[in-house]
Amino acid sequence: EAISINGERILFNTPITCIGTVIQVNNKRLNSPYIIKAIGNQESLFGINRPGGYLSLMKDYTKVDLKKVSNITIKKFDGAIKFNYANFNK
């Protein structure tokens with residue numbers, strides 16, 4: 001339903017770029033530690049922890065802490081959404 005990285009809301013067109021030791025999300029530079037929050041079905045989301053998955057690979061290189069939380073808030077996107085191409089014909 002919603003995802004954020006260090007408080008930056010992720011949308012369908014959010015650019016995420018690695019710039020040396022930081023990442024850039026929505027044109028804002030973010031330093032580690034990276035806190036990723038997701039709102040949705042907890043059991044489905046917790047599937048990211050499956051053996052051989054991306055999260056298990058990350059654990060080989062960095063500290064990873066995965067928690068189920070019943071009450072989190074992800075702020076709305078406060079930037080402008082720009083469409084390069086759109087077709088609104090019915």
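Helices (H or I, at least four residues) and strands (E, at least two) are DSSP runs, numbered from the N terminus. This is a predicted model: local features need pLDDT of at least 70, side-chain atom pairs count only at pLDDT 80 or more, and totals for chains, interfaces and linings use all residues. Residues are numbered from 1 along each chain as its sequence is written, and side-chain values use heavy atoms, with hydrogens and water left out.

**Whole chain**

Select the protein chain. It holds 2 helices and 6 strands, in the order β-β-β-β-β-β-α-α. Its C-alpha atoms fill a box of roughly 45 × 35 × 25 Å along the principal axes.

Now colour by accessibility. Buried means under 20% relative accessible area, exposed over 50%, partly exposed in between (1.4 Å probe, protein chains only). Buried residues make up 18% of the 90 residues.

**Loop between strands 1 and 2**

Go to Asn6, in the loop between strand 1 (2-5) and strand 2 (8-10). Its phi is near 45°, positive although the residue is not glycine. Asn6 is partly exposed, at 28% relative accessibility.

Select residues 16-19 and 22-25. These are strand 3 and strand 4, paired in the antiparallel sense over 4 bridges. Strands count as paired if DSSP finds at least two bridges between them. Pick Cys18: its bridge partner in strand 4 is Ile23.

Is Gln24 buried or exposed? Gln24 is buried, with a relative accessible area of 19%. Show its contacts (heavy atoms within 4.5 Å). Beyond neighbours within four places in sequence, Gln24 touches Pro15, Ile16, Thr17, Ile19 and Arg29.

**Loops on either side of strand 5**

Move to Asn27, in the loop between strand 4 and strand 5. Its phi is near 65°, again positive in a residue other than glycine. Asn27 is exposed, with a relative accessible area of 64%.

Last stop: Pro33, in the loop between strand 5 (28-30) and strand 6 (36-39). Which form does the peptide bond from Ser32 to Pro33 take, cis or trans? That bond is cis, with omega near 5°.
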